[in-house]
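Please look over the chain shown below before reading on. The report that follows takes up one loop, then the strands, and then the helices and the core.

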Amino acid sequence: MSKRKNDNIPLSEALQEFIKVNKLQNGMDKVNVREAWTNLMGNGVNNYTTAIELRSETLFVSLSSSVLREELSHGKSKIITMINEELGKELVKKLVLR
């Protein structure tokens with residue numbers, strides 16, 4: 001009877017390897033950016049957020065309130081910094097509010 005290999009690895013490492021092999025990192029980044037926006041902005045902003053989309057290094061956020069859009073546009077650089085810190089890597093370089 002042959003011995004089984006005992007290559008036990010943590011589930012997180014196995015998932016990271018699966019994502020890397022199947023080139024799913026871009027899709028995961030899009031999901032992670034949506035979660036980061038939701039966590040950082042809170043209910044007040046999320047109630048007016050209609051769409052969040054990451055294309056290359058630009059984050060497009062659609063808002064249903066023009067007043068909120070104007071208020072958030074004053075702090076774009078801070079929002080970009082907060083999102084990148086939440087993600088742990090510099091993924092967003094530009095923020096477009098529409």
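Is Lys 23 buried or exposed, and what is its relative accessibility? Lys 23 counts as exposed because its relative accessibility is 74%, where exposed means over 50% relative accessible area, buried under 20%, and partly exposed in between (1.4 Å probe, protein chains only). The model is a predicted one, in which local features need pLDDT of at least 70 and side-chain atom pairs count only at pLDDT 80 or more, while totals for chains, interfaces and linings use all residues. Residues are numbered from 1 along each chain as its sequence is written, and side-chain values use heavy atoms, with hydrogens and water left out.

Lys 23 sits in the loop between helix H1 (11-21) and H2; helices (H or I, at least four residues) and strands (E, at least two) are DSSP runs numbered from the N terminus. Its backbone has a positive phi, and the two residues below, neither of which is a glycine, can be set side by side.

| Residue | Phi | Relative accessible area | Loop |
|---|---|---|---|
| Ser 56 | about 50° | 67% | between S1 and S2 |

**Strands**

Ser 56 belongs to the turn of a hairpin formed by S1 and S2, which have two residues between them. Strand S1 (residues 49-55) pairs with strand S2 (residues 58-63) in the antiparallel sense over six bridges, and strands are taken to pair if DSSP finds at least two bridges between them. Within this pairing, Glu 53 has Phe 60 as its bridge partner in S2, and Thr 49 has Leu 63. S2 also pairs with S3, here in the parallel sense and over four bridges, and Phe 60 has Val 96 as its bridge partner in S3.

S2 is mostly covered, with six of its six residues buried. Thr 58, Phe 60 and Ser 62 point one way from the strand, whereas Leu 59, Val 61 and Leu 63 point the other way. Thr 58 counts as buried because its relative accessibility is 15%. Leaving aside residues up to four places away in sequence, Thr 58 touches Glu 53, Lys 94 and Val 96, contact meaning heavy atoms within 4.5 Å.

**Helices and core**

Two packed helices are described by the angle between their axes and the distance between the axes. The axes of helix H2 (residues 25-46) and helix H4 (residues 76-87) come within 10 Å and cross at roughly 115°; axes are lines fitted to C-alpha atoms, for helices over the stretch in contact, with angles running from 0 to 180 degrees between N-to-C directions. Residues that make this contact include Val 33, Ala 36 and Trp 37 of H2, and Ile 79, Met 82 and Ile 83 of H4.

Trp 37 also belongs to the largest nonpolar core, which has 19 residues, and together with Leu 59 and Leu 72 touches the most other members. Such a core is a set of buried Ala, Val, Leu, Ile, Met, Phe, Trp, Tyr and Cys residues joined through side-chain atoms within 4.5 Å. Two or more residues come from each of H2, S1, S2, helix H3 (66-73), H4 and strand S3 (94-97), and H2 gives the largest share, five residues. Not counting residues up to four places away in sequence, Trp 37 touches, among others, Ile 52, Leu 59, Leu 72, Ile 83 and Leu 97.
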